[in-house]
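Please open the structure in your viewer and keep the selection tool at hand.

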Amino acid sequence: MSGIRLKLKQAPALRVELRGVNPGAAAGLAMAEIERLPVTHGNQTLPLAEFFSVAAAGDDGDWLFEGDLSRFDRLGWQMDGGRIVVDGPVGDYAGAGMTGGEVHVKGSAGALAACEMAGGSLQVDGDVGDFAASTLPGSMDGMRGGQLIVRGNAGERFGDRMRRGTALVFGDAGDFLASRMVAGTIAVGGRVGAHLGYGMRRGSVVLAGSAAAGVKVAPTFVPALVEPLVFWQLLSRDLSRHGGPFAALPSRRIQRHLGDVSSSGMGELILAL
């Protein structure tokens, strides 16, 4: 299957939604049909070719977007296979609702990245906005599976109501990290904001950077009496393969706290010191 190269012609006047524009949805379509895929620009529905020049590129089946896509939302929306690479930033909802495939953003992403993601992989080389790995507006379930890797910083409410999967932030994370978290694993290599683990029910949050030593754990988390050595060996090895601030985790000593007991939670905060 040939890959597709989509080069941005010019920045749109309004925000554009790219739902339905991905390798899986376009499988079997001719190039002319791909150019006619509908996208939403404000209250108008326009063909994809209105904004991008579309051309075949290579035989790997990858889709390559070139240009500043910061006004383009829902890239990889509900994607179930294939691979998208963006050579630049993207807008909101990147990778939201994904069930498979891979999206690699070589820039930053807006708010609500990987919301309700159930499978696949989203990697963002820059920062992500608020509510990444969280819930869609009006919903109750956060990230449900898959893997989110953020090599920059994350905004507020990262992992809110997260239910499954793995989410890593190499840089800093804002306030309310892992708020109301139900399950899954979050690892942060930099500093975290106030209200860490607010309302957390289950799941694991690993603070891997040097800032872990100075983290103020809320009084609604209590020190664990028993350290899960086998579990930590497995988890730390899995996280360490991503390198960066996570590379040395297997050799670190840890402090473990359980909570949020104010909501009858049984989650865990792991400080790798």
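The model shown here is predicted. Begin by selecting Phe 72, which is buried, with a relative accessible area of 1%.

Phe 51 and Phe 72 form an aromatic pair of the edge-to-face kind, with 6.0 Å from centre to centre and 85 degrees between the planes. Phe 51 lies in the loop between β4 (44-47) and β5 (52-56), while Phe 72 belongs to strand β7 (residues 72-73), so the pair ties together parts that are 21 residues apart in sequence.

How are the planes of Phe 170 and Phe 246 arranged in their aromatic pair? They are edge-to-face, with 90 degrees between the planes and 5.1 Å from centre to centre. This pair links distant parts of the chain, 76 residues apart: Phe 170 is in the loop between β12 (164-169) and β13 (185-188), and Phe 246 is in the loop between α2 (229-240) and β16 (254-259).

Keep Phe 170 in view and select Arg 151, which lies over the face of Phe 170 at 4.7 Å from the ring centre.

Finally, select Arg 157 and Phe 176. The charged end of Arg 157 sits over the ring of Phe 176, 4.2 Å from its centre.

Definitions and conventions:
Residues numbered from 1 in each chain as written. Predicted model: local features only at pLDDT ≥ 70, side-chain atom pairs only at ≥ 80, totals over all residues. Heavy atoms only, no water. Phe/Tyr/Trp six-rings, centres within 6.5 Å; stacked < 30°, edge-to-face > 60°. Helix = DSSP H or I, 4+ residues; strand = E, 2+ residues; numbered from the N terminus. Buried < 20%, exposed > 50% of the residue type's maximum accessible area, 1.4 Å probe, protein only. Lys NZ or Arg CZ within 6 Å of the ring centre and 35° of its normal.
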